[in-house]
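Please open the structure in your viewer and keep the sequence at hand.

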Amino acid sequence: LVHKHLEDRPQLGCAITATAYETEDELRKKYPETLDVHVDFLRRNGVTVMFGVDATKIHLHPDLKDRQFECIHFNCPHDGKSYKGGTLKRMLGEFYM
């Protein structure tokens, strides 16, 4: 999204908070070649990048609980397990509570 609008909306990144459930160290182990490239690009373009954020408990997170969001975009949400057994439905249900 940020890359797509670099020319026509260069300040867009300042309005975006990108989160990941995993910690930065966990993601660095999973994606040693690419994590820093992507995170650096986002941060250079004004995006706030946060790790270790459980989106189902965003209302309790000390840095996010008092924020209001106009739009929330899930990019393939998962709990690190198989989608079998209804885990995605349960997780999304917790988010919308």
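Begin by selecting Thr17, which lies in strand S1, residues 17–20. The model on display is a predicted one.

Is Thr17 buried, partly exposed or exposed? Its relative accessibility is 21%; because buried requires a value under 20%, Thr17 counts as partly exposed.

Thr17 and Thr48 are separated by 31 residues in sequence, yet their C-alpha atoms are 4.7 Å apart in space. Thr48 also belongs to the set of residues that Thr17 touches once those up to four places away in sequence are set aside; the others are Met50, Leu64, Arg67 and Phe69.

Display the side chain of Arg67. A polar contact of 3.0 Å links it to the side chain of Thr17.

Now move to His61, located in the loop that runs between strand S2 (48–51) and helix H3 (87–95). His61 has a relative accessible area of 17% and is therefore buried. Beyond residues up to four places away in sequence, His61 touches Met50 and Val53. Met50 is also among the residues touched by Thr17.

Finally, show the entire protein. The secondary structure consists of 3 helices and 2 strands, arranged along the sequence as β-α-α-β-α. Of the 97 residues, 23% are buried. Among contacts with a separation of 6 or more, 52% are between residues 24 or more positions apart.

Methods
Residues are numbered from 1 along each chain as its sequence is written. This is a predicted model: local features need pLDDT of at least 70, side-chain atom pairs count only at pLDDT 80 or more; totals for chains, interfaces and linings use all residues. Side-chain values use heavy atoms; hydrogens and water are left out. Helices (H or I, at least four residues) and strands (E, at least two) are DSSP runs, numbered from the N terminus. Buried means under 20% relative accessible area, exposed over 50%, partly exposed in between (1.4 Å probe, protein chains only). Contact means heavy atoms within 4.5 Å. A polar contact is a pair of N or O atoms within 3.5 Å; within protein, one must be able to donate a hydrogen and the other to accept it, and residues adjacent in sequence count only if both atoms are side-chain atoms.
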